[in-house]
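The sequence and the model are shown first.

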Amino acid sequence: MDVVSSFRVRGMQVGRAGHEIDAEYGQLQQQLLARHTEVARYETGDEDFGTGYARLLQAADELLAFEETIPARLAEPERQLSERIVRMSWLGQRAIAVALIVVTFALDHSAWWLVVLIPHLIATLSFTPRKVTDRDHRFYRHLAIGLHLECLLVALITLSVISLWLVILAVIGWVVLAVSVSEGPGGSVKKGQGR
C-alpha cells in the first residue's frame, strides 16, 4: 500500500491537493521502476552498471524525500484555514477590547471597569502568533477559541449582563491563556518527555 493510500485509509480528506500528490507520487514510482528495470538488464561487471545503479539510487532518494513531504502537503489546506482563523481572531479580539473600553466611558460606567478591560486589551496585544505551521495549527486554533470565550465573559461582565463576581473566572481564564501561550504547542507533551 503506498503512502497516499494509507492516508486515505486513515480517513484524511485528500481533495485536490491529494490528487496532485498522488499523481506526482505515481510518476516518481514509475521513474524508480524504470531505473530498476534498466539496472536489472546489466551484469555486475558491465560498464554502464555503475551509472545505472547511481540513477536508481537517485530515483529512490527522490521518492523517499517526496514521501517525507506528504503529511505536510496534505495538512496545508487545514493549516491555511487555521492561520486565517487565528489572525482574524486576534485582530477581532483587539478591536472588541478597545470597543468595550469606549463603551464603558460612553455608558458612563465607573473607571474601575478598566481593571477588567485593560488586562484583556494587554493580553490581546501581547500575543501575535508566529507563522502557524502544520504541526501547531490546531493548538493556535484552540487558543483562539479560548480567547473568544474569555472575551465573551469579559464583555458580559462589563455590560453588567452577568455578576461582577465572575471576574474571578475571567482572571483564571487569562492565567490559563497566558500559561498556554508561554508553553507553546505541545507544552504538556514536552513536560512528559522530560521525565
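## Basis and confidence

This is a predicted model, in which local features need pLDDT of at least 70 and side-chain atom pairs count only at pLDDT 80 or more, while totals for chains, interfaces and linings use all residues. Residues are numbered from 1 along each chain as its sequence is written, and side-chain values use heavy atoms, with hydrogens and water left out.

The chain has a mean pLDDT (the predictor's confidence in each residue, from 0 to 100) of 77, and 84% of its residues reach 70 or more. Where pLDDT is low, the predicted coordinates should not be read in detail.

## Overall fold

The chain holds 7 helices and 0 strands, in the order α-α-α-α-α-α-α along the sequence. Helices (H or I, at least four residues) and strands (E, at least two) are DSSP runs, numbered from the N terminus.

Of the 195 residues, 30% count as buried, that is, under 20% relative accessible area with a 1.4 Å probe and protein chains only; exposed means over 50%, and partly exposed lies in between. Among contacts between residues at least 6 apart in sequence, 66% join residues at least 24 apart.

## The second largest pocket

The second largest pocket has a volume of about 160 Å³. A pocket here is an open set of points on a 1 Å grid over the protein atoms alone, where a 1.4 Å probe fits, with protein on both sides within 12 Å along at least five of seven lines; lining residues have an atom within 4 Å of a point. The volume is the space filled by probe spheres set on the points.

Its lining has 10 residues, with Ala123, Ser126, Trp174, Leu177 and Ala178 nearest the centre. Helices H4 (114-126) and H6 (167-183) each supply at least two lining residues, and H6 gives the most, with 4. By type, the lining comprises 8 nonpolar, 2 polar and no charged residues. Nonpolar covers Ala, Val, Leu, Ile, Met, Phe, Trp, Tyr, Cys and Pro, charged covers Asp, Glu, Lys and Arg, and the others, Gly among them, are polar.

The structure holds 3 aromatic pairs. The ring centres of Phe49 and Tyr53 are 5.8 Å apart and their planes are at 15 degrees, so this pair is stacked. Rings of Phe, Tyr and Trp (its six-membered ring) pair if their centres lie within 6.5 Å; planes under 30 degrees apart count as stacked, over 60 as edge-to-face and the rest as tilted.

Both residues lie in helix H3, 4 residues apart, about one turn of the helix. Phe49 is partly exposed, with a relative accessible area of 22%, and Tyr53 is partly exposed at 39%.

Notes: Contact means heavy atoms within 4.5 Å.
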